[in-house]
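Please consult the sequence and structure shown below while reading.

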Amino acid sequence: MVKVTSLVLVLLGCLTLALTLEAGTIDTVAGTGKPADGPASGLGVETNVGDPFGVEIGPDGALYITEVRNHRVRRLDLKTGAMTTVAGSGKMGYAGDGGPATEALLNEPYEVRFDSHGNMIFVEMKNFVIRKVDAKTGIISTIAGSGKEGFAGDGGPAKEAVFSIPHSIALDADDNIYVCDLGNHRIRKIDAKTGLISTIAGNGGKTLPKEGKIDGTMSLLGPRAVCIDKNVMWIALREGHSVWKLNLATSELTHIAGTGKKGFSGDGGPAKDATFDGPKGVAVCPDGGVVVVDTENHVIRKIDVKAGTISTVPGHTPKKAGGDGDGGDATKATMNRPHGICVDKDGSIYIGDTLNHRVRRVRE
């Protein structure tokens, strides 16, 4: 009887600990903290991940990670913790189209998304291209970008277009691809049916936009990250230190957060009055809130869209880089220049904690 009672108490203790660790805690799901190139597969927490940027939950429920330093795209099975390589040989270059994605040469893949057919789409910043990995065959191809840097191609085939520092991509319900052409201060659209490319926002100017219907005369200062939810595009402006919302049906642009000035302020108050320092990632939560990677402040901010307020989620000391806090309260953890972010359907937030060479998770 004593043994049974003791066992019950132990089980209850474990359950209590599990429940405690579920809400508001942070942990590492991939990366050892070392950036060096390592094995192509293994347990995520035992495998080096060099400079993780983009993170995305795929249609199979796995987490996909762009490994910038080692020029690969990784897949982390969130159930088993196993990590494999799905694109890139680990060598820098631009080659491999028409062959297996795992044998291709990449050059700094920044962000990864999926179309409605399960094909993996990712952007390579230093090759100035968008590439696709076929879901059925694993074959890689270039779907946009000539490989040259500059600005050209609007109105023509996306494969002949010229980008300058492309960073983030997003797909709408019709599989149209939107590209943050950061160096050109534009957001460009690749039409899924015609394959043609056009500019939908930004004219190359380097000033903050204004609210209202977008047109060819409106500037867009440093569009670094985009995501799409229910035909609404959320935009983080890196040099513009602010967050905006674009209704894709009406072309109406709305200011959501950030004054446009660099800094760290505003928690607990109106999001529009807050300051950021180089936001580089944005994602929508199941509760309708929007999380923003405030990179140079080494924190993640969350915007309550309904209330119009802002708070800090992971990270507690702005401007102080670090990598502690795993297993504890996320608001007391530190990070080091985080970039990518995504949110799972259960509300878990995944973060590319770049200079800590880890992917971390916050459970809300």
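Strands (E, at least two residues) and helices (H or I, at least four residues) are DSSP runs, numbered from the N terminus. The model is predicted: local features need pLDDT of at least 70, side-chain atom pairs count only at pLDDT 80 or more, and totals for chains, interfaces and linings use all residues. Residues are numbered from 1 along each chain as its sequence is written, and side-chain values use heavy atoms, without hydrogens and water.

**Pockets**
- The largest pocket (an open set of 1 Å grid points with protein on both sides within 12 Å along at least five of seven lines) has a volume, the space filled by probe spheres set on the points, of about 690 Å³.
- Its lining (residues with an atom within 4 Å of a point) numbers 27 residues, with Glu-56, Arg-113, Ile-228, Asp-229 and Val-343 closest to the centre.
- At least two lining residues come from each of S3, S7, S11 (166-171), S16 (223-229), S20 (279-284) and S24 (341-343).
- The second largest pocket has a volume of about 300 Å³; closest to its centre, among 14 lining residues, are Gly-61, Ala-62, Leu-78, Lys-79 and Asp-344.

**Cavity**
- One cavity (points where a 1.4 Å probe fits but cannot get out) of 30 Å³ or more is found in the whole structure.
- Strands S3 (52-57) and S7 (109-114) give two or more residues each to the lining of the largest cavity, whose volume is about 40 Å³.

- Residues 163-193 are 0% helix and 52% strand, while residues 263-306 are 0% helix and 39% strand.
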